[in-house]
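Please read it alongside the sequence and the coordinates.

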Amino acid sequence: MAEKKVSVRLVAENGRQVRAELEGVGDAGARGFKRMSREVDHAGVMLRRLAGIAAGAISIRQVAQYADTWTDLRSRVDLATGSQERGVAVMDRLAQMARRTYSSLEQTTESWLANSTALRELGMSTQGSLDFTEALNDAMVVSGARAERAASVQNALSKAMALGKLSGDNLNTVIQSGGRVAELLAKELGTTVSGLRQMGQQGKITGDVIRTALVGNLELLREEADSMPATIGDAFTLIGNAALTLVGT
């Protein structure tokens with residue numbers, strides 16, 4: 001996939017500009033931003049007002065919060081990987097997948113951290129655990145799950161991985177809000193989405209099943225996620241990611 005630079009420039013009413021350079025979004029991301037640009041053309045007044053708010057909202061306190069968040073994430077990733085050098089490589093991969101899926105970098109990193117130990121105990125390498133996180137991110141995009149909804153599914157799966165099985169309230173969350181994740185689990189087990197409840201009661205939705213259902217369909221999920229349109233909200237998410245990375249590095 002060819003790498004491209006996509007610029008998002010929001011012009012505030014007082015003449016100031018908020019600009020985020022988003023590297024490596026790729027062809028699919030570039031197509032998404034073209035679609036998003038058409039939406040912006042139809043919502044120019046609203047966007048200018050939002051940009052005015054954004055331009056004045058980045059305070060010293062917020063910069064400090066970005067710095068604290070980055071320091072916390074980096075230190076925990078370094079600890080999980082065993083070295084600063086490996087931590088840098090992991091953060092780079094997480095940043096890339098967050099950009100490509102228009103997802104929060106903080107939430108993406110938290111998802112990887114929450115599952116890394118359980119996946120390592122299942123015999124997965126760091127690369128494998130990153131593939132798991134990317135597949136989960138892609139599935140959330142395809143399901144239209146954002147923010148709190150995506151976080152609830154990721155948290156439910158993290159708890160399930162730690163327990164070794166998906167059942168009870170965690171399974172209910174995945175069925176109700178997980179969309180594509182629930183479909184892939186059902187396919188892996190040869191049942192329907194509604195049939196997952198019985199499988200959960202029988203303890204058949206194990207950590208290995210969850211891993212296989214997601215990682216085994218990574219390429220398919222990438223294609224599906226790349227076909228999803230980008231929105232103005234996605235642009236603001238990428239701007240936040242860019243600010244977090246800029247302050248942190």
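Val-193 sits in the loop between α9 and α10, in a model that is predicted. With a relative accessible area of 30%, Val-193 falls in the partly exposed class, because that class spans the range between the 20% limit for buried and the 50% limit for exposed residues.

**Surroundings of Val-193**

- Although Val-193 and Ala-182 are 11 residues apart in sequence, their C-alpha atoms are 6.1 Å apart in space.
- Leaving aside residues up to four places away in sequence, Val-193 touches Ile-175, Ala-182, Glu-183 and Ala-186.

**Nonpolar cores**

- In soluble globular proteins, nonpolar side chains tend to be buried together.
- The largest nonpolar core here has 33 residues, and the members that touch the most other members are Leu-166, Val-181, Leu-185, Ile-210 and Leu-214.
- Two or more residues of this core come from each of α5 (105-121), α6, α7, α8 (168-177), α9, α10 (196-201), α11 (207-215) and α12, and the largest share, six residues, is supplied by α7.
- When residues up to four places away in sequence are not counted, Val-181 touches Leu-136, Ala-139, Met-140, Ser-143, Leu-157, Val-174 and Leu-214.
- Another core, of 15 residues, lies apart from the largest one, and its members include Val-90, Met-97, Leu-105 and Trp-112.

**Salt bridges**

- Arg-74 and Asp-78 form a salt bridge in which the closest N and O atoms are 3.0 Å apart; the two residues are four apart in helix α3 (residues 60-81), so about one helical turn separates them.
- Both partners of that pair fall below the limit of 20% for buried residues, Arg-74 having a relative accessibility of 18% and Asp-78 one of 13%.
- A salt bridge also joins the side chains of Arg-146 and Asp-234, with an N to O distance of 3.4 Å; because Arg-146 lies in the loop between α6 (126-142) and α7 (147-163) while Asp-234 lies in helix α13 (residues 232-248), the pair ties together parts that are 88 residues apart in sequence.
- Within this pair, Arg-146 is partly exposed at 32% relative accessibility, whereas Asp-234 is buried, with a relative accessible area of 4%.
- Glu-224 and Arg-180 form a further salt bridge, the closest N and O atoms being 3.0 Å apart, and this pair links distant parts of the chain, with Glu-224 in helix α12 (residues 218-226) and Arg-180 in helix α9 (residues 180-189), 44 residues apart.
- Glu-224 and Arg-180 are both buried.
- Through salt bridges that share partners, Arg-93, Arg-100, Asp-131, Glu-134, Asp-138, Glu-219, Arg-222 and Asp-226 are joined into one network.

**The chain as a whole**

- The chain contains 13 helices and two strands, and 46% of its 249 residues count as buried.
- Among contacts between residues at least 6 apart in sequence, 67% join residues at least 24 apart.

Technical notes:
Residues are numbered from 1 along each chain as its sequence is written. This is a predicted model: local features need pLDDT of at least 70, side-chain atom pairs count only at pLDDT 80 or more; totals for chains, interfaces and linings use all residues. Side-chain values use heavy atoms; hydrogens and water are left out. A salt bridge is a side-chain nitrogen of Lys or Arg within 4 Å of a carboxyl oxygen of Asp or Glu. Buried means under 20% relative accessible area, exposed over 50%, partly exposed in between (1.4 Å probe, protein chains only). A nonpolar core is a set of buried Ala, Val, Leu, Ile, Met, Phe, Trp, Tyr and Cys residues joined through side-chain atoms within 4.5 Å. Contact means heavy atoms within 4.5 Å.
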